[in-house]
There are 4 protein chains.
Amino acid sequence: MNRRELMKDVGIATGAASLLAVGAARAQGAAVAVNVLVAYHSVTGNTEKMAQGVAEGAKEVPGANSLSKMWARTADDLLAANALIVGSPVYYTNMAGEVKTFFDNWLLKHKFPFAEFKMRNKVGAAFVTGGAISNGKETAMTAILNAMIINQMIIVSGGGAFGASATTGPDSPGIDDKELATARALGKRVAEVAVITKRGSV
Amino acid sequence: MNRRELMKDVGIATGAASLLAVGAARAQGAAVAVNVLVAYHSVTGNTEKMAQGVAEGAKEVPGANSLSKMWARTADDLLAANALIVGSPVYYTNMAGEVKTFFDNWLLKHKFPFAEFKMRNKVGAAFVTGGAISNGKETAMTAILNAMIINQMIIVSGGGAFGASATTGPDSPGIDDKELATARALGKRVAEVAVITKRGSV
Amino acid sequence: MNRRELMKDVGIATGAASLLAVGAARAQGAAVAVNVLVAYHSVTGNTEKMAQGVAEGAKEVPGANSLSKMWARTADDLLAANALIVGSPVYYTNMAGEVKTFFDNWLLKHKFPFAEFKMRNKVGAAFVTGGAISNGKETAMTAILNAMIINQMIIVSGGGAFGASATTGPDSPGIDDKELATARALGKRVAEVAVITKRGSV
Amino acid sequence: MNRRELMKDVGIATGAASLLAVGAARAQGAAVAVNVLVAYHSVTGNTEKMAQGVAEGAKEVPGANSLSKMWARTADDLLAANALIVGSPVYYTNMAGEVKTFFDNWLLKHKFPFAEFKMRNKVGAAFVTGGAISNGKETAMTAILNAMIINQMIIVSGGGAFGASATTGPDSPGIDDKELATARALGKRVAEVAVITKRGSV
């Protein structure tokens with residue numbers, strides 16, 4: 001529920017009280033609900049596990065309603081989000097083809113006119129999983145962030161220099177607690193910035 | 001409906017003093033003043049010209065006080081900024097060594113403890129000038145943005161996919177009006193997001 | 001000093017024989033035939049036109065047999081190549097999803113064991129087309145090059161800082177002669193380096 | 001000894017024989033000496049230790065004469081190299097300002113005319129050290145490689161996806177044996193490709 005809906009909800013008659021409530025809510029930080037969309041591709045389950053961590057971290061922020069799902073099917077899912085966090089396995093130093101196609105579909109399938117910047121000012125962030133320490137995780141995260149910044153999204157990191165990441169190869173199989181903590185840190189950070197930008201976008 | 005309209009809508013009668021105060025502050029825009037620091041390196045004057053355009057664009061936003069200067073000398077200049085826009089000539093696909101040293105000095109000279117993220121949540125952006133169309137302007141801008149995002153700044157573009165840029169070589173000498181317009185667009189966009197984030201960071 | 005200059009240098013008296021030797025060596029050097037694979041994705045025909053330019057440029061090098069085709073269907077096409085030049089339209093600062101999937105298929109479909117580096121020491125290069133000057137062409141080319149370098153290919157540019165590129169949007173519709181010249185320059189450069197590396201890999 | 005020195009050495013009178021000798025040498029692969037320059041910046045000694053590993057790895061290749069030194073002082077050092085491997089600590093996701101200035105000096109101090117591509121076809125590679133796993137090592141290595149590819153150098157990796165790297169921060173202080181092994185692998189790989197390209201550049 002955004003501020004305008006909130007206002008409609010409490011109604012004109014209760015305007016004063018509601019404003020007080022908003023003032024109070026400010027102190028609590030509760031009145032600003034944000035919709036954090038976590039979109040990811042996962043084959044082995046590792047990226048999915050990270051996605052769950054990201055979603056949990058986002059929910060730690062009062063008002064954040066994180067939706068973790070395989071892929072947003074509709075343009076409406078994207079447009080309704082206040083923040084979008086995209087996760088991918090790393091294939092050859094970049095996001096998976098499926099994830100790149102997810103972005104391409106904003107243009108090719110959802111027909112977002114590029115010049116309208118439909119995703120403008122939504123918060124964007126990235127997380128990845130990959131088989132070895134120096135195998136392209138950073139370049140994959142920056143590739144995801146670049147796909148967002150050209151759409152005039154507001155980019156943040158969290159959990160690591162460029163976002164959250166996990167090494168899943170022979171050196172360190174699966175997702176360990178430390179890696180999961182970076183996922184949670186990313187989700188929390190994105191939700192916090194989404195609250196800030198939504199609250200500030202009055 | 002923005003906040004000001006909302007406030008008018010709920011009515012003066014229920015406004016109380018606090019609402020008047022908010023309304024007044026809002027109307028003046030004075031309550032949300034942002035300090036946009038434009039820091040650049042320039043040898044031929046091209047990057048300086050772009051910097052002036054960026055600063056002018058920032059000032060179009062009510063409340064934005066853009067400071068365009070060669071280099072912030074003190075850590076205080078950096079810490080006092082709500083947004084930092086860094087400009088560089090492109091040398092070999094990256095920012096100039098002087099600009100890289102400017103960033104390094106956050107660590108080496110200003111002794112910002114990395115783990116404290118002193119620049120956290122400040123808005124960051126980039127602009128560059130370079131001698132040919134495909135000569136590393138994008139990679140130079142992403143390098144500047146990467147230096148910011150690892151410091152947990154909030155990254156935005158404007159004027160172009162990654163920021164504002166100008167081709168100054170034989171194909172298109174100097175800074176033309178179209179390029180200057182991208183500089184202004186960047187400055188304005190950064191100031192707008194700085195206002196949003198400052199207003200939302202209550 | 002190249003070989004011909006060297007031969008002149010060692011003296012006229014020995015020039016004939018040595019030149020014959022060179023001729024013979026060259027004739028043997030005709031035996032240094034290289035197979036330059038140009039693989040691209042094209043929707044509007046712009047990238048295809050650039051691909052043709054790349055292929056023509058490659059064929060200017062004696063011994064180079066450039067194969068320009070939509071996509072190599074089999075692992076054998078890839079393994080038979082001495083050089084691979086990949087072209088893509090730029091979508092959101094990166095190669096198209098189809099092109100990323102082309103790379104992913106080395107792993108997912110062709111089952112090249114990563115640790116064997118099946119493409120090792122083949123020459124790799126990139127070309128792209130995109131709708132505006134600063135729209136991610138450089139980041140798309142570096143993404144293609146990164147997908148190659150992790151496979152231990154030998155990376156070169158040509159025609160531009162990172163490879164050949166063309167702006168096809170409203171500012172400069174279609175592929176003009178200057179852009180086509182960068183495509184040819186790239187093809188030629190890659191074929192030259194492929195000849196060098198093949199000749200040197202005795 | 002490079003080819004020209006070789007030629008001077010055998011003398012005009014023996015030009016033909018020397019060609020035979022070269023032919024013979026071909027079979028042995030022994031006559032191809034390469035000069036691998038390792039240039040690095042180091043404050044704590046970590047990058048220096050990696051540089052030593054890189055140099056040792058290069059020397060494992062017959063004919064490779066690796067020179068590891070702080071910084072090549074003269075343009076001649078650069079021009080005499082068959083391969084250049086640049087190492088840097090990672091500051092804020094990029095090479096150190098000192099290393100960027102090293103590259104800038106090709107233009108600003110050594111006055112290499114950009115259009116002449118003085119470093120063309122020399123083999124280039126990168127190694128870095130940094131304080132945490134996901135702290136910009138990959139982006140720093142790609143930045144070094146980008147500075148080389150725009151100069152039409154021939155880029156290779158080794159020891160890792162983009163080059164050799166070591167994590168030196170709290171998680172893994174200093175340079176361990178595994179990291180040193182990646183340094184050696186990089187040096188060896190670069191020397192091997194330098195031999196191939198020199199042997200093939202007849």
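**Figure 1. Residues at the contact of helices H3(C) and H7(C) in a predicted model.** From H3(C), the residues C:Met50, C:Gly53, C:Val54, C:Ala55, C:Glu56, C:Gly57 and C:Ala58 take part in the contact. Their partners in H7(C) are C:Leu180, C:Ala183, C:Arg184, C:Ala185, C:Leu186, C:Gly187, C:Lys188, C:Val190 and C:Ala191. By class, the residues of this contact comprise ten nonpolar, three polar and three charged.

**Figure 2. Crossing of helices H3 and H7 of chain C.** Two packed helices are described by the angle between their axes and the distance between the axes. Helix H3 of chain C spans residues 46–59, and helix H7 of chain C spans residues 177–200. Their axes come within 6 Å and cross at roughly 45 degrees. Because of this angle, H3(C) is oblique to H7(C). The crossing in which H3(C) passes H7(C) is right-handed.

**Figure 3. Contact between chain D and chain A.** On chain D, twelve residues are in contact with twelve residues of chain A. Helix H6 of chain D (residues 137–149) gives the most to the side of chain D that touches chain A, contributing four residues. The residues on that side of chain D divide into two nonpolar, eight polar and two charged.

**Figure 4. Superposition of chain D on chain A.**

How values were computed
Residues numbered from 1 in each chain as written. Chains lettered and ligands numbered in written order. Predicted model: local features only at pLDDT ≥ 70, side-chain atom pairs only at ≥ 80, totals over all residues. Axes fitted to C-alpha atoms, helices over the stretch in contact; angles between N-to-C directions. Helix = DSSP H or I, 4+ residues; strand = E, 2+ residues; numbered from the N terminus. Parallel < 35°, antiparallel > 145°, perpendicular 65-115°, else oblique. Left-handed = near helix turned anticlockwise from the far one by under 90°. Contact = placed C-beta atoms within 7 Å. Nonpolar A, V, L, I, M, F, W, Y, C, P; charged D, E, K, R; others polar. Least-squares fit on C-alpha atoms with pLDDT ≥ 70 in both.
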